[in-house]
Amino acid sequence: MLDEYNDLETRFKYLISNDKDKKFGLWVNTVGFECILPNSHYPLKTHPSGYFFNPLKGRTLHEYQLLYITKGKGMFASENMPEKQVGKGSLFILFPGQWHTFHSLKETGWNSYYIGFEGTVIDNLVKEGFLSKEKPLLEVGLNEELVSLFSRALEVAKADKMSSQQYLAGIVLLLIGTILSITKNSNNYVDQKIEQAKIIMTENVLDSIDPEKLATELNVSYSWFRKTFKDYTGFAPAQYFQILKLREAKHLLIESPYNVKEISFMLGYKSTNHFFSLFKKHFGTTPLEYRRSTAIQKNKPA
C-alpha cells in the first residue's frame, strides 16, 4: 500500500567543518534522504568512497549517524545486535568504530533520512548513557516531527549559509531529544495512522492528495480518518494539507527566487488569484507584501 506516495528524489549534502565549528562541540558531516525503489540496487553508487559499502561485508564509520526509515523494509545488524528485519518507524543509531550493516529488501525498497555528525557533545551524551551502543536500533514509529527535522537539516545544509554548522548542531540535538522522548511514550494504532498521514502530506506538499484516497491507502474508512485526524490535529485532513502548502509558500517566498505566479503553480493552485486569496485569509497579508516585509527585515542593519 501507499506505493504511489513518497517516491521522492534522493538527495544529500556533504559538509565541511572548520576549527571554529569544532570548538562548538558538535558538527555535521552529511545529511540526506534516500528513496530506494523496489527491485533496485542498494546501496546507491553515487556516494563517496567513505560512505559507500558492501552490505555483505558491512562497514565502520568515524562518525555518529541517525538513520530513520519511513517506508519499506530492510535488514540491520551491528556488532552488538544480530541481524533483524526493520521497517517504517525504525531508527538506527550508528556509532563511530562500531561495525554495522543494513540494506533495503529487494521487493520493497525503502525511504530513509539520515544525518552524520561528530563532537564532544555527542561523546558526552553516550558516556552518560543517553545513547547506547548496546541499543543501536530504536522502534520510534512514524513521527512527522522527526521527518520535519530531517527535512529542515537538508534545507540548511543545502543553503550552506554562515553558522549553518551551529544551526545543524541544534537540529541534531533536537532530533536526539525528540527520539528520547518518543521512546519513553507509547505509539498506539491511532498515533501511527495519523502520523503516517501527516508524513505523506509533508513529503508531498508540492503535489495534490485526495484525503479519501489517502484513507483507503491507509486501510481505514474515510469517516474514521477524517474524525480522528481532526481530533488529533485540530484540522480536517484537507485543511491541514492546505496549511502545509501555505507554510511552504512562506518558505519559498523567503528563500527562493521564484515569483508568486511560479510558486502558486509549484504548489498546485489552479489560479494565482486563488493562491493570493488563501494566503491573505490565513496570514493576513498578500504573498507580495509578505515577501517585501521579510526582505526589509533581512536588509536592516544589525
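Buried means under 20% relative accessible area, exposed means over 50%, and partly exposed lies in between (1.4 Å probe, protein chains only). Keep those cut-offs in mind for every stop below.

This is a predicted model, in which local features need pLDDT of at least 70 and side-chain atom pairs count only at pLDDT 80 or more, while totals for chains, interfaces and linings use all residues. Residues are numbered from 1 along each chain as its sequence is written, and side-chain values use heavy atoms, with hydrogens and water left out.

**Stop 1: strand 7**

Select residues 110-118. This is strand 7. Helices (H or I, at least four residues) and strands (E, at least two) are DSSP runs, numbered from the N terminus. Nine of the nine residues of strand 7 are buried, so the strand is largely enclosed by the rest of the structure.

Now look at its two faces. On one side sit Trp110, Ser112, Tyr114, Gly116 and Glu118, all buried.

Two strands pair if DSSP finds at least two bridges between them. Show residues 27-36, which are strand 2. Strand 2 and strand 7 are antiparallel, with nine bridges. Find Cys35, which stands opposite Asn111 of strand 7. Then show residues 64-78, which are strand 3. Strand 3 also runs antiparallel to strand 7, joined by eight bridges. Here Ile69 stands opposite Ser112.

**Stop 2: aromatic pairs**

Rings of Phe, Tyr and Trp (its six-membered ring) pair if their centres lie within 6.5 Å; planes under 30 degrees apart count as stacked, over 60 as edge-to-face and the rest as tilted. The whole structure holds 17 aromatic pairs.

Select Phe92 and Phe102. Their rings form a tilted pair, 5.6 Å centre to centre, with 45 degrees between the planes. The pair links distant parts of the chain: Phe92 is in strand 5 (residues 90-94) and Phe102 in strand 6 (residues 100-104), ten residues apart. Phe92 has 0% relative accessibility and counts as buried. Phe102, at 3%, counts as buried too.

Next, select Phe279 and Phe283. This pair is tilted as well, at 4.8 Å centre to centre and 55 degrees between the planes. The two residues lie four apart in helix 10 (residues 272-283), so about one helical turn separates them. Phe279 is buried, with a relative accessible area of 0%. Phe283 is partly exposed, at 26%.

**Stop 3: helix 10**

Helix 10 has twelve residues and reaches 16 Å from its first C-alpha to its last. That is close to the 16 Å expected at 1.5 Å a residue; the expected span is 1.5 Å times one less than the number of residues. Step past the end of helix 10 to Gly284, where phi is positive, near 75 degrees.

**Stop 4: salt bridges**

A salt bridge is a side-chain nitrogen of Lys or Arg within 4 Å of a carboxyl oxygen of Asp or Glu. The count comes to four salt bridges.

Select Glu155 and Arg152. Their side chains meet at 2.6 Å, N to O. Both residues lie in helix 3 (residues 144-159), three residues apart, about one turn of the helix. Glu155 is partly exposed, at 32% relative accessibility. Arg152 is partly exposed as well, with 27% relative accessible area.

Move to Glu255 and Lys161. The closest N and O atoms of this salt bridge are 3.2 Å apart. Glu255 lies in helix 8 (residues 237-255) and Lys161 in the loop between helix 3 and helix 4 (164-183), so the pair ties together parts that are 94 residues apart in sequence. Glu255 counts as partly exposed, at 39% relative accessibility. Lys161 counts as partly exposed, at 49%.

Then select Glu195 and Lys198. In this salt bridge, the closest N and O atoms are 3.3 Å apart. Both residues lie in helix 5, three residues apart, about one turn of the helix. Glu195 and Lys198 are buried.

**Stop 5: a surface patch**

Stay with helix 5 (residues 189-203) and find Val190. Val190 is partly exposed, with a relative accessible area of 30%. Together with Val190 they form a nonpolar surface patch of about 270 Å² accessible area. Patches are made of residues with over 30% relative accessible area and no salt bridge: like charges are joined within 9 Å, nonpolar side chains (Val, Leu, Ile, Met, Phe, Trp, Tyr) within 5 Å. Accessible areas come from the Shrake-Rupley method with a 1.4 Å probe; for residues, only the protein chains shown count as cover.
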